[in-house]
Amino acid sequence: MSSSATTSGPDTPTPPDDEPSSERRRSRFPTPLRWTLVFFVVMIALIVAIWPRDSGSDGTASPTADPGVAAVPDAKVDDAALARARAEAAVQPCPNTGLPASNNAALAGVVAPCLSDGSAYDLGAGTAGKPVLVNMWAVWCLPCRRELPVLAEYAQRAGDRVTVLTVHAEQGAGNPYAVLTFLREIGVHLPTVLDVDGKVAAALRAPRVFPSTILIRPDGTIATTLPKEFGSADEVADAVRDATGVAT
């Protein structure tokens, strides 16, 4: 007999042939481990289901609906910290055309804090006599983070032909420190107003969608409202031309 052959003697245990293979496979994963794996799979599925989408089904970016809550709480920082934040953000002063205001202007008599120095700013008087691009945005809005640099590029391109003014939404406007920090992080210095009481949005009949852009004629009347995200300065220029007739 060949020496390489192996035989089972009477004392050698033989595994039962009728044990299902699935039972042998399950034995490799104890019950607690299996339930732990199930838990993690379910949690990942839930996170994927509720994770906010910033693009539509057609691949284009979607504006963010107003959540209806103050997503950014009021900041409690001392005057020195707020002054440092203003210096670091280098936000431009709110515009002042020096032209006479129209009583029929949508923003006539609307006053809100100017982010650059905290002073009360009359939006109707400050923007009178020129086409105005008002952009409504918020620090908690992802599309706004992408769009603001585009608007900054457009503002530089338009020069003094069009006034570009951004307005932070009421939700979070009570926290100038957070708004300044946000603008410093993205490197945008556009003049900004804090709509702390919602009066700017009400005067412009702005939709509760961010970002939204309202284009205003030189006489202060509203030309159009665009609840969308602009992807380039050329897109902004086209919208301004179509609404106001001003080429930039």
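Buried means under 20% relative accessible area, exposed means over 50%, and partly exposed lies in between, with a 1.4 Å probe and protein chains only. By that scale Arg205 counts as exposed, because its relative accessibility is 65%. This is a predicted model, in which local features need pLDDT of at least 70, side-chain atom pairs count only at pLDDT 80 or more, and totals for chains, interfaces and linings use all residues. Residues are numbered from 1 along each chain as its sequence is written, and side-chain values use heavy atoms, with hydrogens and water left out.

**Overall make-up**

The protein chain has eight helices and nine strands. These are DSSP runs numbered from the N terminus: helices are H or I with at least four residues, strands are E with at least two. Of the 248 residues in the protein chain, 36% are buried. Contact here means heavy atoms within 4.5 Å. Among contacts in the protein chain with a separation of 6 or more, 74% join residues 24 or more positions apart.

**The core**

In soluble globular proteins, nonpolar side chains tend to be buried together. A nonpolar core is a set of buried Ala, Val, Leu, Ile, Met, Phe, Trp, Tyr and Cys residues joined through side-chain atoms within 4.5 Å. The largest one here has 58 residues. Leu133, Tyr154, Leu183, Val193 and Val200 have the most contacts inside it. Helix H5 (residues 142-158) gives the largest share of this core, seven residues. Leaving out residues up to four places away in sequence, Val200 touches Leu107, Val110, Ala112, Leu123, Val167, Val193 and Asp195.

**Two helix pairs**

Axes are lines fitted to C-alpha atoms, for helices over the stretch in contact, and angles run from 0 to 180 degrees between N-to-C directions.

| Pair | Angle | Axis distance |
|---|---|---|
| H3 (residues 79-89) and H6 (residues 176-186) | about 25° | 9 Å |
| H5 and H8 (residues 233-244) | roughly 60° | within 8 Å |

Angles under 35 degrees count as roughly parallel, over 145 as roughly antiparallel, 65 to 115 as roughly perpendicular and the rest as oblique. H3 is therefore roughly parallel to H6, and H5 is oblique to H8.

A crossing is left-handed if the near helix is turned anticlockwise from the far one by less than a right angle, and right-handed if clockwise. H3 crosses H6 in the left-handed sense. H3 brings Ala81, Leu82, Ala85, Arg86, Glu88 and Ala89 to the contact, and H6 brings Pro176, Tyr177, Leu180 and Arg184.

The H5 and H8 crossing is right-handed. In H5, Val150, Leu151, Glu153, Tyr154 and Arg157 meet Ala233, Asp234, Val236, Ala237 and Val240 of H8.

**Pro113**

Pro113 sits in strand S2 (residues 111-113). Pro113 is partly exposed, because its relative accessibility is 23%. Beyond residues up to four places away in sequence, Pro113 touches Gly118, Ser119, Thr192, Val193, Leu194 and Val196.

**Backbone exceptions**

Most residues other than glycine have a negative phi, and most peptide bonds are trans. Ala90 is not a glycine, yet has a positive phi of about 50°. Ala90 lies in the loop between H3 and S2. At 42% relative accessibility, Ala90 is partly exposed. Arg205 also has a positive phi, near 50°. Its place is the loop between helix H7 (199-204) and S7. The peptide bond from Phe210 to Pro211 is cis, with omega near 0°. Pro211 falls in the loop between strand S7 (209-210) and strand S8 (212-216).
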